[in-house]
Amino acid sequence: MLNRNRKMIMLLITVMVMSIWLAACGTKPAENEAGENDTTTETETQTEAPTERTLTDAMGHEVKIPANPERIIASYLEDNLVTLGVKPVAQWSVANGIQEYLQKDLNGIPTIAFDLPFEAVTSFNPDLIIIGSESVVEGEKYAQYSKIAPTYVLGDEINSDWRKTLLKIGEILNKSDEAQQALDDYEVKASEIKEKINTVTGGTKSAAAIWLVSGKFFIVSDNVSSGEVMYKELGLVEPEVVKEISANATGNWSSISMEKLAEMDVDYLFFVNSDEGTGSEALKDPVWQSIPAVKNGNLFEFTRSSSWLYSGVQANLQIMEDIQNSIVK
């Protein structure tokens with residue numbers, strides 16, 4: 001009887017040891033599997049992380065773009081940076097102002113002169129410089145800038161088209177998806193506003209944008225800035241005077257004489273007044289007073305701090321909202 005009990009005890013001990021051993025062995029593949037998964041996840045994360053890239057700019061320069069540029073100078077391209085959620089280390093300025101329509105996002109960002117003096121650029125210690133036009137870096141200027149930081153030139157072909165500009169800057173900053181999404185959202189918003197405006201205008205009302213500065217009138221071309229927004233995006237009718245001046249325009253805004261203003265048979269006039277507070281004597285001229293939009297109370301005035309002089313997602317959306325708020329009551 002005693003021997004039988006001993007055998008039973010030995011059998012139970014053997015079974016317990018075998019169970020523990022099998023359990024331990026059974027956990028090893030799971031641990032290995034977990035380890036392999038952790039390794040794979042870490043590898044995938046490392047693969048997705050931004051890395052330094054070499055891109056060729058419009059002038060043929062091979063530019064090494066930092067993996068995560070944090071101190072960017074992109075003078076007069078800030079609309080695109082704001083759209084992509086990027087703050088520059090310095091923002092564009094001229095003697096009499098900055099891009100005030102962007103200050104909700106750029107408030108407090110130091111200014112830099114529009115012509116980008118080398119000493120000023122150096123003082124901001126940028127890790128990436130983005131230049132719009134080739135003319136900005138003509139002569140030996142590119143070599144000087146590239147000594148300060150990697151310098152990428154968009155070129156006039158891209159810089160003259162705000163959509164291409166946004167997409168290219170998105171590519172440079174490794175934010176192509178964000179740039180495309182911003183454009184998609186923009187198109188949806190433009191379509192919504194156009195529909196609302198058409199309910200009032202029936203698609204038959206004409207419009208023009210006039211800028212008064214230093215006592216002289218200028219009119220926007222039909223394919224840029226607020227001209228593009230009015231005629232291409234929102235479908236307002238382009239007056240013949242605007243077509244005529246746009247055909248020979250050499251800039252975004254062209255001087256317009258009082259004689260041409262007299263021919264301005266336009267339903268809506270959007271007026272950027274940079275002479276506000278200084279007299280605006282030109283507005284007392286009988287020719288100005290005779291423009292149908294002025295006579296009929298369809299003159300809508302904006303200050304120079306508005307976005308009407310600029311282009312880009314931020315500028316255009318603000319212009320659209322101004323037009324909607326003016327026309328749609």
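Author: Contact here means heavy atoms within 4.5 Å. The model is a predicted one. With that cut-off, and leaving aside residues up to four places away in sequence, Ser-75 touches Trp-92, Phe-114, Leu-116 and Ile-130. Ser-75 is found in the loop between β3 (72-73) and α2. Because its relative accessibility is 14%, Ser-75 counts as buried, the limit for that class being under 20%.

One of the residues that Ser-75 touches, Trp-92, also belongs to the lining of the largest pocket. This pocket has a volume of about 1200 Å³. Its lining comprises 43 residues, and those closest to the centre are Tyr-76, Trp-92, Asn-252, Leu-309 and Tyr-310. Two or more lining residues come from each of α2, β4 (91-94), β7 (128-131), α7, β9 (207-213) and α9. The element that gives the most is α2, with three residues.

Helix α2 (78-83) leads on to another part of the structure, for α2 is among the elements that cover the buried residues of α14. Also included in that cover are α7 (162-172), α8, α9 (225-233), β12 (268-273) and β13 (299-303). Helix α14 itself, residues 313-327, has 15 residues and reaches 21 Å from its first C-alpha to its last, close to the 21 Å expected at 1.5 Å a residue. Its buried residues are Val-313, Ala-315, Asn-316, Ile-319, Met-320, Asp-322, Ile-323, Gln-324, Ser-326 and Ile-327.

Two strands of this cover, β12 and β13, run parallel and are joined by five bridges. Within the pair, Val-272 stands opposite Phe-302 of β13. The covered face of β13 carries Phe-300 and Phe-302, while Leu-299, Glu-301 and Thr-303 lie on the uncovered one.

Ile-323, one of the buried residues of α14, returns in the largest nonpolar core. That core has 91 residues, and those with the most contacts inside it are Phe-217, Met-230, Met-264, Phe-270, Trp-288 and Ile-323. Its largest share, seven residues, comes from helix α8 (residues 176-201). In soluble globular proteins, nonpolar side chains tend to be buried together.

Note on methods. Residues numbered from 1 in each chain as written. Predicted model: local features only at pLDDT ≥ 70, side-chain atom pairs only at ≥ 80, totals over all residues. Heavy atoms only, no water. Core = buried A, V, L, I, M, F, W, Y, C linked by side-chain atoms within 4.5 Å. Buried < 20%, exposed > 50% of the residue type's maximum accessible area, 1.4 Å probe, protein only. Helix = DSSP H or I, 4+ residues; strand = E, 2+ residues; numbered from the N terminus. Expected span 1.5 Å × (residues − 1). Pairing = 2+ DSSP bridges. 1 Å grid on protein atoms, 1.4 Å probe; cavity = no way out; pocket = protein on both sides within 12 Å on 5 of 7 lines; lining within 4 Å. Points joined across faces, edges and corners; volume = space filled by probe spheres on them.
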